[in-house]
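Here is my note on the model you sent. Please read it with the coordinates open.

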Amino acid sequence: MAKETQLHITEEMKERVILVGVDQDTVGMDTESCLDELDELVKTAGAVSVARMIQKRERVHPAHYLGKGKLEELQVMINAYDATGIVCDDELSPAQIKNLEQILNTKIMDRTMVILDIFASRAISKEGKIQVELAQLKYRLSRLAGIGASMSRLGGGIGTRGPGETKLEVDRRYIKSRIAELNRELKEIETHRQLLRSQRDKKGTPVVSLVGYTNAGKSTLINHLTDAEVLAEDKLFATLDTTTRLVKLPNGSDILLTDTVGFIQKLPHNLVQAFRATLEEMKYADILIHVVDSSNSQRKEHMNVVYNTLRELGCEETPVITAFNKIDKEEVEYPLPIDMKAMYTVNISAKKGEGIENMLETVEELLKSFRKSMKVLIPYQDGSLISYIHGKCELISEEHTETGYLIEAYVTEEVENRLQPYVCE
């Protein structure tokens, strides 16, 4: 009995929120599905959504997000559902938050606040924590600036005199100082990453990055292929930290496989900026594996979000293999979407290991297409080049002749230049 009471109290302590969205009839943006996703975000953040409201408008109301009639309806809903707050599907301005708080007398949140809260709870590495704090501070700074402007326009009165203004300036100065400090720390981490990248380039190991919508199964895939032990849960943003592991392809050659943070609709701009250094690892990848949750009814929209984000990051020219994941699920609707932006598409189940071998063979084929075959005769006195070739190339054939090693291999541009003096017909 005591256990039941304890569970009941815990449930009561959860924030009860109403989800609110404005349907602006935007092409490629379904408000109902956006609220479904917001529901998942709220759940991930530890709250529970008790109701939702959507208003059709040409644009959001600049002063209080919704029209006055809908605000009255919302007030009734808050009382009826005993809600502790509302979560709006768009980023709210400081004025909108202030006005809504005054009208509804409840806690006001937006999608950005919820996402930042989730990121703050998920960050594990030092870099991840810095990136999240940076995004949070930039978000807070924009709100402080808005409050300061509204206070200065009041022209005096209760709550607008000296001490309040001073406190505001102190907060603003502290946040700016902390942002500068975090940017310096991120710069150091970025320099270290560039050093690691240049070492990787010297080794010539191809880099393959996993990209995709959040909860598409990227972490499950890298865990199946390696011993990465990345946290993989059926949750949005289960992991934020970038993980890179060595993976052996069926032909015996190695690739570096990198897992990155998942994308989402309306990903906060400050968050993209803060994670830009991490996300830009994709720019240096030879291949992107776009992991798609094929069982999700919004899979096509999710694919568009991923490609839009890749374009923002300058990765639209990188070759893509689309891996339709979770094909073992009953919810998968066939036929699967045709991905015109991908060079190849494969069907996989990262959880059960189905189609993984085929995916790796596809990576092999694509890597081969970047290289050209080259036949060289290496004299025995230049035998040190043999280990270089073995380390950098995929061998087609190798033969010992009277004058040296006759080798045919797939080579990169760098290797081709190095071996040019030894080319034979």
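Predicted model: local features only at pLDDT ≥ 70, side-chain atom pairs only at ≥ 80, totals over all residues.

1. The protein has 14 helices and 13 strands. Of its 425 residues, 47% count as buried.

2. **The α8/α12 pair.** Look at helix α8 (residues 218-225) against helix α12 (residues 356-370). The two pack at an angle of about 90°, and their axes are 12 Å apart. An angle of 65 to 115 degrees counts as roughly perpendicular, and α8 and α12 are therefore roughly perpendicular to each other. On the α8 side, the contact is made by L221, H224 and L225. On the α12 side, I356, M359 and L360 make it. By class, this contact has 5 nonpolar residues, 1 polar residue and no charged ones.

3. **Geometry and burial of α12.** Does the length of α12 agree or disagree with its residue count? At 1.5 Å a residue, its 15 residues should span 21 Å; the end C-alpha atoms lie 22 Å apart, so the length agrees. The buried residues of α12 are I356, M359, L360, T362, V363, E364, L366 and L367. Please note that E364 is in that buried set. I356, M359 and L360 are buried too, and these residues also take part in the contact with α8.

4. **The β9-β10 loop.** Two backbone features deserve a check here. Most residues other than glycine have a negative phi, and most peptide bonds are trans. The peptide bond from Y334 to P335 is cis, with omega near 0°. P335 lies in the loop between β9 (320-325) and β10 (344-347). K326 lies in the loop between β9 and β10 as well. K326 is not a glycine, yet its phi is positive, at about 65°. Its relative accessibility is 13%, so K326 counts as buried.

5. **D82.** D82 sits in the loop between α3 (68-80) and β3 (85-88). Is D82 buried or exposed? At 55% relative accessibility, D82 counts as exposed, whereas K326 counts as buried.

Definitions and conventions:
Residues numbered from 1 in each chain as written. Heavy atoms only, no water. Axes fitted to C-alpha atoms, helices over the stretch in contact; angles between N-to-C directions. Helix = DSSP H or I, 4+ residues; strand = E, 2+ residues; numbered from the N terminus. Parallel < 35°, antiparallel > 145°, perpendicular 65-115°, else oblique. Contact = heavy atoms within 4.5 Å. Nonpolar A, V, L, I, M, F, W, Y, C, P; charged D, E, K, R; others polar. Expected span 1.5 Å × (residues − 1). Buried < 20%, exposed > 50% of the residue type's maximum accessible area, 1.4 Å probe, protein only.
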